[in-house]
Amino acid sequence: MAARSKARKRALQILFEADQRGVTPGEVLASWVALAREDDRQPPVSAYTRELVEGYAGHAERIDELITQYTVGWPLDRMPVVDRNILRLATFELIWQDETPDAVVLDEAVQLAKEFSTDESPAFVNGLLGRLKDLKPSLRR
């Protein structure tokens with residue numbers, strides 16, 4: 001598995017844990033970093049994982065607003081937790097990370113949905129991210 005794919009998967013795990021525990025992604029990230037320093041059995045948190053988690057955290061309000069705005073009939077709190085956090089990461093990467101091609105962002109998000117979520121989730125994730133990709137120039141603020 002490519003390094004960035006692993007980083008995305010770990011970032012998803014961090015956001016998922018934060019969502020489940022009701023704490024900030026930064027708190028979970030800090031605990032993962034500390035654990036990796038204390039326990040050599042734990043892999044270190046990569047720079048790209050940190051970039052994704054911190055990037056989402058820095059734009060969380062806007063990202064959640066965009067997801068809510070473009071998922072008609074699916075309030076954020078009713079979405080499966082995995083889907084919500086895949087969309088959060090991918091929306092950050094799609095809108096604010098210009099060095100990653102849009103097609104890669106969409107493909108990676110769909111792969112995470114296939115691996116971790118329901119049978120319907122890949123199409124849902126792809127559809128929403130495709131819409132955001134089309135509107136991308138007007139969404140960044």
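A residue is termed buried under 20% relative accessible area, exposed over 50%, and partly exposed in between. By this scale F116, at 36% relative accessibility, counts as partly exposed. The model from which these values were computed is a predicted one.

The protein chain contains six helices and zero strands. Its order along the sequence is α-α-α-α-α-α. The radius of gyration is 14 Å, close to the 14 Å that the globule rule gives for 141 residues, so the protein chain is as compact as a globular protein of that length. Taken along the principal axes, the box filled by the C-alpha atoms is roughly 45 × 30 × 30 Å. Of the 141 residues in the protein chain, 48% are buried. Among contacts with a separation of 6 or more, 67% are made by residues 24 or more positions apart. The accessible surface amounts to about 7500 Å², and carbon and sulfur atoms account for 51% of this surface.

Charged side chains were examined next. The protein chain carries 19 positive and 23 negative side chains. The centres of these two sets are 2 Å apart. Side chains of opposite charge can pair when their charged atoms come close. Twelve salt bridges are present in the structure.

One of the salt bridges joins the side chains of R88 and D64, with an N to O distance of 2.8 Å. This pair links distant parts of the chain, since R88 belongs to helix α4 (residues 81-96) and D64 to helix α3 (residues 47-70), 24 residues apart. R88 has a relative accessibility of 10% and therefore counts as buried. D64, at 17% relative accessibility, likewise counts as buried.

Another salt bridge is formed by K136 and D98, whose closest N and O atoms are 4.0 Å apart. Here too the pair connects distant parts of the chain: K136 is in helix α6 (residues 121-139), D98 is in the loop between α4 and α5 (102-116), and 38 residues separate them. The two partners fall into separate accessibility classes. K136 counts as buried because its relative accessibility is 15%, under the limit of 20%. D98 has a relative accessible area of 48%, so this residue is partly exposed.

A further salt bridge brings together the side chains of K133 and D134, with 3.6 Å from N to O. K133 has a relative accessible area of 33% and is therefore partly exposed. D134 is exposed because its relative accessible area is 57%, over the limit of 50%. Elsewhere, salt bridges with shared partners join D19, D64, R84 and R88 into one network.

V28 is located in helix α2 (residues 25-38). With a relative accessible area of 1%, V28 is buried. When residues up to four places away in sequence are not counted, V28 touches I14, E17, A18, R21 and V23. Q13 is 15 residues from V28 in sequence, and the C-alpha atoms of the two residues are 9.6 Å apart in space.

A34 is also placed in helix α2. In contrast to V28, which is buried, A34 counts as partly exposed at 28% relative accessibility. A34 and R8 are separated by 26 residues in sequence and by 19 Å in space, C-alpha to C-alpha.

F116, the residue used above to illustrate the accessibility classes, lies in helix α5. Not counting residues up to four places away in sequence, F116 touches K9, L12 and V82. Along the chain F116 and I86 are 30 residues apart, and their C-alpha atoms are separated by 9.6 Å. The relative accessibility of 36% lies between the limits of 20% and 50%, so F116 is partly exposed.

Definitions and conventions
Residues are numbered from 1 along each chain as its sequence is written. This is a predicted model: local features need pLDDT of at least 70, side-chain atom pairs count only at pLDDT 80 or more; totals for chains, interfaces and linings use all residues. Side-chain values use heavy atoms; hydrogens and water are left out. Helices (H or I, at least four residues) and strands (E, at least two) are DSSP runs, numbered from the N terminus. The radius of gyration is taken over C-alpha atoms; the globule rule is 2.2 Å times the number of residues to the power 0.38. Buried means under 20% relative accessible area, exposed over 50%, partly exposed in between (1.4 Å probe, protein chains only). Contact means heavy atoms within 4.5 Å. Accessible areas come from the Shrake-Rupley method with a 1.4 Å probe; for residues, only the protein chains shown count as cover. Lys and Arg count as positive and Asp and Glu as negative; His and the chain ends are not counted. The place of a charge is taken as NZ of Lys, CZ of Arg, CG of Asp or CD of Glu.
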